[in-house]
Amino acid sequence: MNHYPGLEQMLPAGTSSPPRVSIITAVYNANQYLDACIQSVLNQTYKNFEFIIIDGGSTDGTVDTIKKNQQHLSYWISERDKGIYDAWNKGLAAAKGDWLLFVGADDLLYPHALQSYIDHIDQHARQDLEFVSSRIELVNDDLSPIRTVGERWTWKRFRIDMITWHVGCFHSRRLFDTYGVFDPKYKICGDYELLLRPKDRLIASFVDKPTVRMRMGGVSSVQLFGAIDETYEAKVRHGVFSPMSGYLLRIIRKTKVTVNQFLGRG
């Protein structure tokens with residue numbers, strides 16, 4: 001368990017402090033990507049943030065990379081965990097920010113990312129926002145582009161599909177204070193389940209530009225089916241669908257995935 005001074009913006013005396021951001025990265029054996037991720041965080045134009053890394057007990061040199069950069073971290077730890085949402089919860093427990101952003105070890109923030117969010121939140125201060133999403137550029141391992149994803153949050157769309165991608169999202173501290181932390185029993189879709197809790201009461205907004213590049217590895221049918229099972233279990237759990245409707249929609253979605261893969265559509 002390691003604490004270090006966080007990075008904070010230097011302000012003239014007598015000025016109010018801008019919102020502090022906690023950036024949390026969960027990592028496990030991703031050393032080949034981690035240093036670039038760290039540099040993308042350190043290159044932010046907005047400086048009032050702390051950086052937290054939660055490692056799941058890596059054995060590939062990840063811990064050495066963390067130690068090399070520990071002067072830039074407010075907190076880091078390396079120990080076995082129960083998955084990404086357990087790791088995120090550890091980060092939440094250590095975080096002191098007003099807003100929280102979860103960045104994968106193989107993701108790369110654009111330098112303007114934090115400032116774009118903070119400007120947007122400031123422009124919508126009267127709305128008392130809980131959640132802000134953006135567009136995400138999906139890329140291959142070599143950073144060549146695949147497509148841009150991410151939509152404006154609406155309950156009508158979100159209850160059907162995960163239209164926001166966690167790496168492109170700002171979460172207010174109040175969101176977790178009100179609705180709780182991530183449920184670690186979910187292994188793939190815990191971020192979706194969290195946002196199902198408030199349902200249409202979520203106070204959300206949208207930054208209509210890319211803030212991050214997100215690497216997409218090969219996704220197997222097993223992973224896709226696991227994600228489908230988890231999302232529909234969560235929808236039934238929170239009363240979005242009845243058990244029967246959830247079961248039928250789950251079968252329909254898996255059938256579509258199978259057909260698309262057979263036709264080579266991914």
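Lys199 is partly exposed, at 27% relative accessibility. Phi of Lys199 is near 55 degrees, a positive value in a residue other than glycine. Lys199 sits in the loop between α7 and β10. Helices (H or I, at least four residues) and strands (E, at least two) are DSSP runs, numbered from the N terminus.

Pro198 belongs to the loop between α7 (190-196) and β10 (204-215). Pro198 is buried, with a relative accessible area of 0%.

## Model and conventions

This is a predicted model: local features need pLDDT of at least 70, side-chain atom pairs count only at pLDDT 80 or more, and totals for chains, interfaces and linings use all residues. Residues are numbered from 1 along each chain as its sequence is written, and side-chain values use heavy atoms, with hydrogens and water left out.

## Asn29

Asn29 also has a positive phi, about 50 degrees, although it is not a glycine. Asn29 lies in the loop between β2 (21-27) and α1 (31-42). With a relative accessible area of 30%, Asn29 is partly exposed.

Strand β3 covers residues 49-55; seven of its seven residues are buried, so the strand is largely enclosed by the rest of the structure. In a regular strand the side chains alternate between the two faces of the sheet. In β3, Phe49, Phe51, Ile53 and Asp55 point one way. Glu50, Ile52 and Ile54 point the other way.

β2 and β3 run parallel and are joined by seven bridges. Strands count as paired if DSSP finds at least two bridges between them. The bridge partner of Thr25 is Ile53 in β3. Strand β4 (residues 75-78) pairs with β3 in the parallel sense over four bridges. Here Ile53 stands opposite Trp76 in β4.

Two β-α-β units involve β3. β2, α1 and β3 make a right-handed one. β3, helix α2 (residues 62-68) and β4 make a right-handed unit as well. Right-handed means that, with the strands pointing away from the viewer, the path from the first strand over the helix to the second runs clockwise.

## Second largest pocket

Rolling a probe the size of a water molecule over the atoms shows where empty space is left. The second largest pocket holds about 160 Å³ of space. A pocket is an open set of points on a 1 Å grid over the protein atoms alone, where a 1.4 Å probe fits, with protein on both sides within 12 Å along at least five of seven lines; lining residues have an atom within 4 Å of a point. The volume is the space filled by probe spheres set on the points, which are joined across faces, edges and corners.

Helix α4 (residues 113-123) gives the largest share of the lining, four residues. The lining includes Pro19, Trp99, His124 and Arg174. By class, it has six nonpolar, one polar and four charged residues. Nonpolar covers Ala, Val, Leu, Ile, Met, Phe, Trp, Tyr, Cys and Pro; charged covers Asp, Glu, Lys and Arg; the others, Gly among them, are polar.

## Cysteines

Cys37 is buried, at 0% relative accessible area. Cys189 is buried too, at 9%. The disulfide count is zero, where a disulfide is a pair of cysteine sulfur atoms within 2.5 Å.

Terms used. Buried < 20%, exposed > 50% of the residue type's maximum accessible area, 1.4 Å probe, protein only.
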